[in-house]
Amino acid sequence: MTHGLQHYHNVLITGGCGFIGSNFIRYLFEQHDFSGKLINLDLLTYAGNPENLLDIQQKYAERYIFQRGDISDKSLVAQLFEKYDIDSVCHFAAESHVDRSIKQPDSFIQTNIVGTFHLLEASLRQKNFYRFHHISTDEVFGSLGPEGVFTEETPYRPRNPYSASKASSDHLVRAYGNTYQLPVTISNCSNNYGPFQFPEKLIPLIILNALEKKPLPVYGDGKHVRDWLFVTDHCEAIWLIMKQGRIGETYNIGGMTERENIDIVHTICDLVDDRIGQHSTPSRKLIRFVQDRPGHDRRYAMDFRKIKNELGWKPRENLDTGLKKTVDWYLMNQKWVEQVRTGEYRKWIKDQYGEIS
Ligand code: NAD
Ligand code: DAU
C-alpha cells in the first residue's frame, strides 16, 4: 500500500541540522513537489549546526519550523506531535560517529534506541498518521569478505556500539509496524559524503587536513572498503520511499562505488593539489598509517536492485563528479569551515539557546 503525497501536510524531521538531515530539508524545499510544513526537531549536539539551514529558514519562514530538543524527551515529543498535528516522520536524529561510539556509547543507546522508541510511541497515538520513515545504515549487516553484497534479506550482525544501536532501532521500527500496524518504512544506506559533513568523518577530514597541510590519518592498512554515495542521491532516494515505498518494507541504498580508504585518500590528495596549484609538499606525503579502529569492519557493499526496480532510483553522481563537487564546496565555504573548526558555531547556539552540553 502506498500513500499519496497529499497526506503529508506536517512532516516532522528529526536531526535536520546534521549532515544528511540538512541536505534533505534543502532538497525537499527545492523539489517543489512538497507544499506542507517541515518541523525540524534537533538537539543541536556537536554535530548539529543551525548555520546549515540559515538561508532556508529565511526563505521558507512560513513552512519551516525549528524546535531545539531531544527526541528522547517524551513530553516534548508528545507536545510537538499535538501542536503541529504531525502526520509523518522522517527520522534522521542519531549519534552517528563510530569512533565516538567506541569511546563513549551512552548517548548512542539513549538517542538511537530510546529516542526512536519515544518517536514511535508518539506516532502511534496520532489519529491521522501516514508514514514513519527511519533512516538507517548498511553497518547493521556487519562486515563483508572480499566477495558478496548486502541485500535486504542479509541477517543483522552489527559489530560496534553505533551499529548495534542502529540495529536495535531498526528492530523497534519493524516491531511497531508488525505489532501495531504503524505505517513504517526503513532505508539502510551506505557511506554518504558531500556538503555540510562534519569534519570528523573521513572525506571532509582528509580534505581539510590536506588544505591545511596537516597529517592525513589512515586507519590500519587502509584497505578497508566503503561504498560511497553523494548525499543528494541519498535524499532523493529517501523522498521517493516516503512517497512511493511500500509500507512495512526496507530498501537498501548504495552508490555502487566501492573503494579502499587509501584510494579515496589518494584521490582527495590529487584533487586538492590540483585545486590549490603546485606547492612544495604533495598532499600524498602527508598520509600517515595510524592504529586501526577496534573491531573495524572490513568491507561494506550494497545491492540496491530493490529500490531501482520498484521505484526507479539510481545514483546520479559518480565518485569523480561527487568528490570534485565536495572538495570545491569545502574550498568555497571557508566561513562554515572556520566556524566548525574553531567551535564558533557553538557560540551562536549558546547565544540563541543558553547553556549547551
Ligand atoms: P550527523 O551526526 O551529522 O547529525 C545528527 C543530527 O542529529 C545532529 O543535527 C544532532 O544535533 C541531532 N541529534 C543527535 N542527538 C539528538 C537527540 N537526542 N535529539 C534530537 N536531535 C539529535 O548524522 P548524519 O551523518 O547526518 O546521519 C543522519 C542519519 O543517517 C543517522 O541516523 C545515521 O545513522 C544515518 N546514516 C548516516 C550515514 C552517513 O554516512 N553519514 C550513512 C547511512 C545512514
Ligand atoms: O556505512 C554507513 C556509515 O558510514 C554510517 O552509518 C555512519 O553514521 C557514518 O559515520 C559512516 O561510518 P564509517 O565509520 O564508515 O565512516 P568514517 O568516515 O568514520 O570512516 C570511513 C572509513 O575511513 C572507515 O573505514 C574508517 C576510516 N577512517 C576514518 C577516519 C575518521 C580512517 O582511515 N581515518 C580516519 O581518520
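Predicted model: local features only at pLDDT ≥ 70, side-chain atom pairs only at ≥ 80, totals over all residues.
Local features were required to have pLDDT of at least 70 and side-chain atom pairs pLDDT 80 or more, whereas totals for chains, interfaces and linings use all residues. Residues are numbered from 1 along each chain as its sequence is written, and side-chain values use heavy atoms, with hydrogens and water left out.

Nonpolar cores were defined as sets of buried Ala, Val, Leu, Ile, Met, Phe, Trp, Tyr and Cys residues joined through side-chain atoms within 4.5 Å; buried denotes under 20% relative accessible area, exposed over 50%, and partly exposed in between (1.4 Å probe, protein chains only). The largest such core has 60 residues, and Phe 24 and Leu 38 have the most contacts inside it. Another core, of 23 residues, lies apart from it and includes Val 77, Phe 81, Tyr 84 and Ile 86.

Helices (H or I, at least four residues) and strands (E, at least two) are DSSP runs numbered from the N terminus. Helix α8 spans residues 231–244 and reaches 20 Å from its first C-alpha to its last. Of its 14 residues, 12 are buried, so α8 is largely enclosed by the rest of the structure. Among the buried residues are His 234, Trp 239 and Lys 243.

Most residues other than glycine have a negative phi. Gln 181, in the loop between α6 (161–180) and β6 (184–189), has a positive phi near 60°. Gln 181 is exposed, at 59% relative accessibility. Lys 213, in the loop between α7 (202–211) and β8 (216–219), has a positive phi of about 60°. Lys 213 is partly exposed, with a relative accessible area of 32%.

Methods
Chains lettered and ligands numbered in written order. Expected span 1.5 Å × (residues − 1).
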